[in-house]
Amino acid sequence: MAATAMHKFPQDQYVDAVRWLPQLSPLDRFAVLALFDFDSDASSIQIHSLTPNPFSLQPQFSWSSPSRISSLKTSLFLQKPLIVASTAAGSLHLLFADSSDASFDSEVSLPEGTLHSVPASSVDLMDGGVECVTVGEDGKINLVGVGESNLSCRRLFDSGGLVSYTAARWASSVEFATGGYGFSLQWWDQRKPGGPVSNFKGNWDKKLSSGIVHSIDIHPSRKHTCLAGGSLGTVFAWDLRWQQQPIILSGAGAGTGSGNTMIQSICDSEVWEVQYDRCIKSNTSSTRILPSMICSEDGILAVIEQGEEPVELLAEACAINSFDIDRHNPSDVICSLEWEAVAILTRQ
Amino acid sequence: MPSDTVGNGALVPLTGDLPTVYPLHHGLASPICSLSISWSRGNTLHLSLFSATAAKVVEVKLTSEDPEIPDVHWRRIAYGSVAPFALLQSRRSSISALLKTPSPYHSDWWENVLQYSKEIGSLLGGSKLPPSPIIDDSKTIVKRDEEPTSLKAAWELIEIFYVDKQSQSWLPERLVDWLADYDSLLTSTHETIHGKLVDFQKELVNIQVIEDDPRYWELLSSALSVGWLDIVVKMLRLHGSYQLDQLSNREESELGVVLQTHHLVFQEREKLPPPRDMEHHIVLKEGVDPINSWCQESVTAERGATVERSTAVSSVSFSLVNGRDCIARIAALAGVLENGLVETVATLISKMPRFHPESVGKLGECYKSKPDFIKSWEKWRSQITKLDCSPFWIQCDNQQTVEGLRNLLQIMLGNTDSLCMATCYWIELYISHFLYIRPFTMGIESMCSLAQKCIQLKPQSNTHRLEGLMVGILEENTEVVLAECSREFGPWLVAHAIELLTAGSEQAEVLLHEQRYNLGGISIVELHRLVYAQILSSHALTWQIAPIYLTSCVKQGMGLLENLLYRQSIQHNNVLLKNIEICRLYELDHISSNIMKHGHKGAGVFWLQQAQDSSCLDRIAQQLFDSVGKSISDESFKQWEGMIELLGSESKPAGGLEFLHKYRDFKKSLQKVSVGKSTEIARQAVGSLMLVLLTLL
């Protein structure tokens, strides 16, 4: 695990988000970058192709976005790569890519104002790409049905801005989780509209002030556990079966909660993204939380596992704002750096 | 700006040219009735324009772009230099803490600075090895894998003179290397050897007989004068005498004339000679076999004293088969002699002793110790003198080759006039002095006077931006060097190169770190860091780096950092969080709590909690209390629930919110009562109600 090869690719633009495109064939590999040029105020989504020898990342196709991308996800829809992006202006864009060369085929979008009224919304795409959930700081939760030519949109909930949501993640075809201020998590079920099914407020530590959840992940094999990362280097898991007791995996508040003794904290600034690490086959008992990867504002990319020492994969001088683990080659990780660059790690 | 500025209330009287006018595209319909100008972050201006119906805020950037390096590259340099700079600062403070003296200078401090310098230098465009072509093109004389920049040239020049203590003794050789790398830069403003070589190379394919071209010899001597041995040897090998077919081409014309005039003589025999009037009989002695062989002539060319190449002719013998062959072979012999001379000179050039720590695949023999170098240098010189006096020059009949080669020898012998003729620019002449006239030099004082001499010999009408820097360094005037860096290369170079300037000299350290009254009590070092931080602050992507430089400024740094953080516009949550992170790092709590106060209702409460503003929270709680008191339907209570959840963390109950929190518990229990009808739950509900009432009291 320790041996990793890292390649950096300067972009000359700010990288807002980065994802792997679901692999079309074993030979072609593509990454999706959401870029923003501060000088010209132009933002775009670009598909870059990765070639192994010599190792290079070359832009192939570009689509210019009307506004800055705040959230980016990829999936497959009817055997076609699908990219979904929500923008800072509140619009939602779905880009269908060609299944042979990953060029942009078609685009469907919802204009700004239809979904969210304030900047910064988060989006998640259901596996198979049938439905999207978008949440925003304005407290609105929308479900968007995906079709190749049209989108159907309905509002599931509106808190009127009294509660803000910053992250969303599907758990099954009817359930999803959201995260927000005060380390709060909500569990939603489409069959039970009108409010969250379950609510969790992270106030396990009396001394420290609380923070924001930036990212959530749910493992397909453990739908009852919600993994969340947020402020103060906090990573915790919320098990629906033991609702008011979070399992803290890392962070400033670690070590104080009961049953969470001696937990290493790998960073103490914002954890921007968290994902289950599909590379490590955990052979530990099913009661333990599966290993996960995090990236942080203080430039750390690391793997954390309950009860183990964290493994640092990358320590940069600048923030790592997003990352993605390749589903088909889980040893490959792509991440975006604050200083206008993208890095690709290959773990041996 | 009014035209009568002088003495009429203007802070700084305008002098010189009229101010430049830049149009501003704001897109508002005229007339503009009001305009307000304020400073935004860094060097940007905030312009608020008001017309009768609309208003607009425009940001104006007050920086100019470098002609050589685009903004994007500047940002990359800025990002890359953060880590080395921070590392050097932390080493400096840890060393001075250890030694308990303010000055960290002890014997090996410069090694730290050198490491820093190398790291920064690599950012400015690495000297990456080009992928070597499979087939080496013999006609490519000048190779260039990457366009060098003046910035890197300036950085290396400062490094050579101020930091690298190990290379002090072979300073001249490092300057030779430096010129080889960066002579192409000077081409932009002057005629240089590099420029001439590039021009010549373009025409090379069209030149038939290269040694007949006077520019060939001219360039050979130029390249030799600045020590580009590889290029010289490669060019010498293009000489016609190496290619026999080309040689015969050259000789063809002369030979043709001879053959035509005496064509009878050179007729080939096809039968026995005709019978003559008298037949001479040679009576053989008994017992002797008839001799049956052609007469032989042997020509021996003496070897030049130092010719070592086996192909060079040492002794040539051939038999005279017939007339045509004879002439051709005589010509070939002359060609071989010519080639021998060319090769001798090429060998001498490639064996030139250099006082250099390591040979990096270049020609010339490197010596690390001075005595060895001096010994072999003298030997080498004597070989040249010997060759210069040898009789072969007279025997060789290609006058152009002889003159060209002898001129090369003159350069190697350090003939001032030849060197002056061969070089174009004063720096080139200066370097050639180190190579051939004063190879064993020298202290920096004599270097300076030599430079002045060279400038006099090669006066120039215009100057290159590197020139001023070079003169400043040679004059050992730190202030001039700084001024040149700042004027020609901008604040990045000054802020980072200051570390190099103080690397070895206590005096420079005192000069640059001394607090100055005319700078408002700050030192020169701090001033330049502040200026650089200001540039960084002007861009949305680089301002996050500025705190690193600001915090290394003792006097004004923190004040400017606070100012910078206050001026950040906050549109996105993530940017805000990044700001707060900086505040956390530098313990600026009061600023972060001010930044936090923005946003939506729910978000607002959260940020107020973060900012620990209890008075604000109490007021909000009071309002909430009032609105809840009016009446809330079950439907809207769903919305409020999350908010109350957020507000009423048990850890920090905020005023009346505590009530709401308990009210929520009561509401919940009540709902359960209506559903479940269990006495236990009902009791809980009553308990909750009691709590609510208690809080109200």
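Helix α4 of chain B, residues 171–186, bends by about 45 degrees at B:A180, the bend being the angle between axes fitted to the seven residues ending there and the seven starting there. Of the 16 residues of α4(B), 13 are buried, so the helix is largely enclosed by the rest of the structure; buried means under 20% relative accessible area, exposed over 50%, and partly exposed in between, with a 1.4 Å probe and protein chains only. Helices (H or I, at least four residues) and strands (E, at least two) are DSSP runs numbered from the N terminus.

This is a predicted model, in which local features need pLDDT of at least 70 and side-chain atom pairs count only at pLDDT 80 or more, while totals for chains, interfaces and linings use all residues. Residues are numbered from 1 along each chain as its sequence is written, chains are lettered from A and ligands numbered from 1 in the order in which they are written, and side-chain values use heavy atoms, with hydrogens and water left out.

**Helix packing in chain B**

- Two packed helices are described by the angle between their axes and the distance between the axes.
- In chain B, helix α1 (residues 71–99) packs on helix α18 (residues 491–501) at an angle of about 25 degrees, with the axes 11 Å apart; axes are lines fitted to C-alpha atoms, for helices over the stretch in contact, and angles run from 0 to 180 degrees between N-to-C directions.
- α1(B) and α18(B) are therefore roughly parallel, since angles under 35 degrees count as roughly parallel, over 145 as roughly antiparallel, 65 to 115 as roughly perpendicular and the rest as oblique.
- The α1(B) side of the contact consists of B:W74, B:I77, B:S81, B:F85, B:L88, B:Q89 and B:R92, which meet B:W492, B:H496 and B:E499 in α18(B); contact means heavy atoms within 4.5 Å.
- By class, this contact of α1(B) with α18(B) has 5 nonpolar, 3 polar and 2 charged residues, where Ala, Val, Leu, Ile, Met, Phe, Trp, Tyr, Cys and Pro count as nonpolar, Asp, Glu, Lys and Arg as charged, and the others, Gly among them, as polar.

**A strand residue in chain B**

- B:I37 sits in strand β1 (residues 32–39) of chain B and counts as exposed at 56% relative accessibility.
- Leaving out residues up to four places away in sequence, B:I37 touches B:L45, B:H46 and B:L47.

**Chain A overall**

- Chain A has 0 helices and 28 strands.
- Of the 348 residues in chain A, 63% are buried.
- Among chain A contacts between residues at least 6 apart in sequence, 47% join residues at least 24 apart.

**A:W187**

- A:W187 lies in strand β16 (residues 184–189) of chain A and is buried, with a relative accessible area of 5%.
- Beyond four places in sequence, A:W187 touches residues including A:F176, A:P196, A:I218, A:K223, A:W238 and A:L240.
- A:V197 is also touched by A:W187, and their C-alpha atoms, 10 residues apart along the chain, are separated by 5.5 Å.

**Positive phi in chain A**

- Most residues other than glycine have a negative phi.
- A:D12 has a positive phi near 65 degrees, lies in the loop between β1 (4–10) and β2 (14–20), and is partly exposed at 28% relative accessible area.
- A:E340 has a positive phi of about 50 degrees, lies in the loop between β27 (332–337) and β28 (341–347), and is buried at 3% relative accessibility.
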